[in-house]
Amino acid sequence: MYLVSYDIENTKNRTKLFEELKDLGLLNIQKSVFYGELSKSEIKVVKELFKKLCGDEDKAFLCRCKIDLNDTHGYKKADLEQVEFDFV
């Protein structure tokens, strides 16, 4: 599983990254934080999105992680389960 977080000042770029991460099937678990499974090619896409949409003063990261529900507050298992999408 992967965690993606960002702090992008430009609203248009921030919204674009938000929509792109959703399209990759990641779950939006906080305002600018996404969680979910990514393939190697999707990891490359996220890195390219960072380069394309982040300005010099913006911040963003992608890291591999596993969230232990025993170490969270306010999240339920269903909140962190991967959502499956059907591509047409």
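**Figure 1. Cysteines and disulfides in the predicted model.** The model contains 0 disulfides, a disulfide being a pair of cysteine sulfur atoms within 2.5 Å. Cys 63 takes part in no disulfide, and the nearest cysteine sulfur to it, that of Cys 65, is 5.1 Å away. Likewise, Cys 65 is in no disulfide, with the sulfur of Cys 63 as its nearest cysteine sulfur at 5.1 Å. Cys 63 has a relative accessibility of 28% and counts as partly exposed; the cut-offs are under 20% relative accessible area for buried, over 50% for exposed, and partly exposed in between, with a 1.4 Å probe and protein chains only. The structure is a predicted model, in which local features need pLDDT of at least 70 and side-chain atom pairs count only at pLDDT 80 or more, while totals for chains, interfaces and linings use all residues. Residues are numbered from 1 along each chain as its sequence is written, and side-chain values use heavy atoms, with hydrogens and water left out.

**Figure 2. Salt bridge between Lys 16 and Glu 20 in helix H1.** The structure holds 3 salt bridges, each defined as a side-chain nitrogen of Lys or Arg within 4 Å of a carboxyl oxygen of Asp or Glu. In this pair, the closest N and O atoms are 2.9 Å apart. Both residues belong to helix H1 (residues 11-23) and are separated by 4 residues, about one turn of the helix. Helices are DSSP runs of H or I with at least four residues, numbered from the N terminus. Lys 16 is partly exposed at 36% relative accessibility, and Glu 20 is partly exposed with a relative accessible area of 22%.

**Figure 3. Salt bridge between Glu 19 and Lys 22 in helix H1.** The closest N and O atoms of Lys 22 and Glu 19 lie 3.8 Å apart. Within helix H1 the two residues are 3 residues apart, about one turn of the helix. Lys 22 has a relative accessible area of 34% and is partly exposed. Glu 19 is also partly exposed, with a relative accessible area of 34%.

**Figure 4. Salt bridge between Glu 48 and Lys 51 in helix H2.** Here the closest N and O atoms are 3.7 Å apart. Glu 48 and Lys 51 both lie in helix H2 (residues 40-53), with a spacing of 3 residues, about one turn of the helix. Glu 48 is partly exposed, its relative accessible area being 48%, whereas Lys 51 counts as exposed at 64% relative accessibility.
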